[in-house]
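Open the model in your viewer and follow the stops below in order.

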Amino acid sequence: MYVKPVAKPSGYKHVLPQLGSLPMNKLTTAVVQRFLNGEALHGNLRTGGPLSAKSVKNMRVVLDVCCKRAVADGVMPVNPVPATVYTHCRSKKLTILS
């Protein structure tokens, strides 16, 4: 409800099938971490293989926004997402040509 209008579909189409039926107040750091780890290893919807670190980061952002809103609305006491660990994306080094 909070994220769908502004997020890319690829960010939440992985989250909803696996975590969409779970009440927000039952979402813990361990649940989020298991989800992110599973997506990193087997989240590719076409091949069943791994997802890129960027895709996992996008899902983490979607979850973070949802949880921040839920905390602000009093639905959950704390946001479990910041305590999760993920592989950081490396930005590509650009070569500037004159």
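Begin with helix α3: select V31, V32, Q33, F35, L36 and E39, which are buried. Buried means under 20% relative accessible area, exposed means over 50%, and partly exposed lies in between, with a 1.4 Å probe and protein chains only. Helices are DSSP runs of H or I with at least four residues, strands are runs of E with at least two, and both are numbered from the N terminus.

Before going on, note that this is a predicted model, in which local features need pLDDT of at least 70, side-chain atom pairs count only at pLDDT 80 or more, and totals for chains, interfaces and linings use all residues. Residues are numbered from 1 along each chain as its sequence is written, and side-chain values use heavy atoms, with hydrogens and water left out.

**Stay on α3**

What covers the buried residues of α3? The cover includes α2 (15-19) and α4. α3 has 14 residues, and from its first C-alpha to its last it reaches 20 Å, close to the 20 Å expected at 1.5 Å a residue. The expected span of a helix is 1.5 Å times one less than its number of residues.

Now pick V31, which lies in helix α3. Is V31 buried or exposed? V31 has a relative accessible area of 19%, so V31 is buried. Show its neighbours: leaving out residues up to four places away in sequence, V31 touches L19, L22 and K26. Contact means heavy atoms within 4.5 Å. Draw a C-alpha to C-alpha distance from V31 to L19: they are 12 residues apart in sequence and 8.9 Å apart in space.

Select residues 53-72, which form helix α4, alongside residues 29-42 of α3. Two packed helices are described by the angle between their axes and the distance between the axes. Here the angle is about 155° and the axes are 10 Å apart. Axes are lines fitted to C-alpha atoms, for helices over the stretch in contact, and angles run from 0 to 180 degrees between N-to-C directions.

α3 and α4 are therefore roughly antiparallel to each other. Angles under 35 degrees count as roughly parallel, over 145 as roughly antiparallel, 65 to 115 as roughly perpendicular and the rest as oblique.

Which residues of α3 and α4 meet? Show V32, F35, L36, E39 and A40 in α3, then V56, M59, R60 and L63 in α4. By class, this contact has 7 nonpolar, no polar and 2 charged residues. Ala, Val, Leu, Ile, Met, Phe, Trp, Tyr, Cys and Pro count as nonpolar, Asp, Glu, Lys and Arg as charged, and the others, Gly among them, as polar.

**Along α4**

Colour V56, M59, R60, V62, L63, D64, C67 and A70, which are buried.

Pick D64, which counts as buried at 17% relative accessibility. Not counting residues up to four places away in sequence, D64 touches N79, V81 and P82. D64 and P80 are 16 residues apart in sequence and 8.1 Å apart in space, C-alpha to C-alpha.

Next pick V61, also in helix α4. V61 is partly exposed, with a relative accessible area of 42%. Just after α4, select G74, which takes a positive phi of about 80°.

**Whole chain**

Show everything again. The protein chain has 4 helices and 0 strands, and buried residues make up 31% of its 98 residues.
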